[in-house]
Amino acid sequence: MKKILFYLTFIILILACSSILNGADWDLWARLIVGKNFFETGYLLNQDIFSYTPTKPLWIDHEWGSGVVFYFLVNKFGDLGVLFLKTLGFFGIIFLMTKIVKIQIKEQNLNIIFYLIVFAAMYTGVGATVRCQLFTFVFFVLYLFLLEKIRRGQNQLLWLFPVIMLLWANLHGGFVAGLGLLIIYGIGEFLNKKQFKKYFLALIPTTLAVFINPYGIKYISYIFEAITMSRKNILEWQSSLTNGEGLIFKVLLIISIACIIINLVKNSFKYSKTDKVKYILLFTTMYLSIAHIKHQALFAISAGCFLYEDFYWLMNIFYKKITKYISEGLIKAFLNIKEVLIYGFIIITGVFIICQNPYQIVLSPKQYPVNSIQFLKENNIKGNLLTVFHWGSYAVWKLYPNCLLAIDGR
């Protein structure tokens with residue numbers, strides 16, 4: 001019963017969040033126009049046909065697959081399609097995290113407080129509506145699930161990595177994280193003195209799967225250039241510590257560091273008792289999340305998969321301290337009431353929010369030049385258009401081919 005209640009609560013929570021945070025991300029329009037062109041012409045763009053200013057001779061869209069998916073959903077189901085995709089993606093992440101924790105501790109792992117903190121830290125890094133990086137987050141946790149199964153002897157699952165990578169590499173450039181996971185597990189298991197060669201062997205076909213894309217080997221050089229490119233003026237590529245974004249992430253970061261330190265103390269800092277895979281993964285994603293706001297969700301997912309037991313072990317220390325001053329029976333009663341209050345509050349409030357807010361994308365005139373673009377469209381005005389960086393993709397989506405852009409968010 002608790003399992004059903006737990007997952008139902010998260011479904012309602014995600015639906016409620018999606019109905020409130022229902023603005024349109026700047027990148028959504030660029031994805032839709034690429035997807036629309038694919039369905040109308042039957043081929044992928046290799047030149048930027050939307051701009052009147054000079055562009056590169058070969059235009060590589062590392063998110064072309066996402067554009068196809070997004071446009072198909074919008075075309076068939078309207079706003080509901082992409083919002084449902086976001087809801088399904090986030091629920092899949094939470095579901096797989098609980099299964100990974102279950103693999104590790106073999107007991108009830110559905111205490112909701114920890115997952116709520118992880119969810120809040122992860123959700124704020126995705127933005128409004130849906131973004132292509134959602135695919136990376138889903139595949140990232142799926143890879144972790146498979147890797148944890150394989151660590152425990154289910155080697156028959158290894159063939160799934162290149163198959164998933166074939167999709168991942170054509171949906172979002174974050175597929176590099178999947179290759180990184182195989183390397184982390186290979187190095188970690190080597191240091192754990194356990195079977196490690198299988199991870200490096202799986203890395204070979206998984207890497208080769210990346211080359212199966214519309215742009216061939218040139219796609220790889222483009223990804224390398226994109227990874228090493230300086231983006232210090234773009235908010236999501238700024239440091240999490242020097243920017244005020246992501247308060248809940250910083251709370252999770254502090255909790256995680258405390259859990260890691262106490263766990264190491266508990267094991268007396270003994271090298272043999274330390275799971276090297278766990279700590280290489282946590283420290284790597286922690287570094288990436290601190291370096292760039294965009295990567296906060298990767299650390300949140302990693303922490304959600306590997307720090308659940310440490311978190312509640314830490315909470316148990318406080319529990320034992322409190323029981324010295326308050327009766328254990330009273331504490332247990334409070335904990336039971338706390339669960340009822342949390343579930344009840346989220347379900348009731350979530351249902352109310354869902355009923356009060358339309359499940360659709362809402363364009364704010366403060367964010368987009370909605371009326372101006374509508375005026376140009378209704379009056380069939382043609383010509384070259386100069387907009388600020390963020391408005392470009394929206395203008396292309398609404399006005400192409402009547403208007404070409406100087407620059408946009410792509």
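Predicted model: local features only at pLDDT ≥ 70, side-chain atom pairs only at ≥ 80, totals over all residues.
Residues are numbered from 1 along each chain as its sequence is written, and side-chain values use heavy atoms, with hydrogens and water left out.

Helices and strands are DSSP runs numbered from the N terminus, helices being H or I with at least four residues and strands E with at least two. Helix α4 (residues 79–105) packs with helix α6 (residues 133–151) at an angle of about 20°, and their axes are 9 Å apart. This angle makes α4 roughly parallel to α6, a term for angles under 35 degrees. The axes are lines fitted to C-alpha atoms, for helices over the stretch in contact, and angles run from 0 to 180 degrees between N-to-C directions. The crossing of α4 past α6 is left-handed, that is, the near helix is turned anticlockwise from the far one by less than a right angle.

Contact means heavy atoms within 4.5 Å. On the α4 side, the residues that meet α6 include Leu85, Phe90, Ile93, Met97 and Ile100. Among their counterparts in α6 are Phe135, Val138, Val141, Leu142 and Phe145. By class, the contact of α4 with α6 has 15 nonpolar, two polar and four charged residues. Here Ala, Val, Leu, Ile, Met, Phe, Trp, Tyr, Cys and Pro count as nonpolar, Asp, Glu, Lys and Arg as charged, and the others, Gly among them, as polar.

Backbone geometry comes next. Lysine 193, in the loop between α8 (176–191) and α9 (197–210), has a positive phi, near 60°, although the residue is other than glycine. Lysine 193 is exposed, with a relative accessible area of 76%; exposed means over 50%, buried under 20% and partly exposed in between (1.4 Å probe, protein chains only). Asparagine 380, also not a glycine, has a positive phi of about 55°. Asparagine 380 lies in the loop between α16 (370–378) and β1 (383–385) and is partly exposed at 47% relative accessibility. Tyrosine 400 and proline 401 are joined by a cis peptide bond with omega of about 10°, and proline 401 belongs to the loop between α17 (392–399) and β2 (403–405).

Aspartate 310 is placed in helix α14 (residues 308–322). Aspartate 310 is buried, with a relative accessible area of 6%. Leaving aside neighbours within four places in sequence, aspartate 310 is in contact with Cys259, Asn263 and Lys278.

Definitions and conventions
Parallel < 35°, antiparallel > 145°, perpendicular 65-115°, else oblique.
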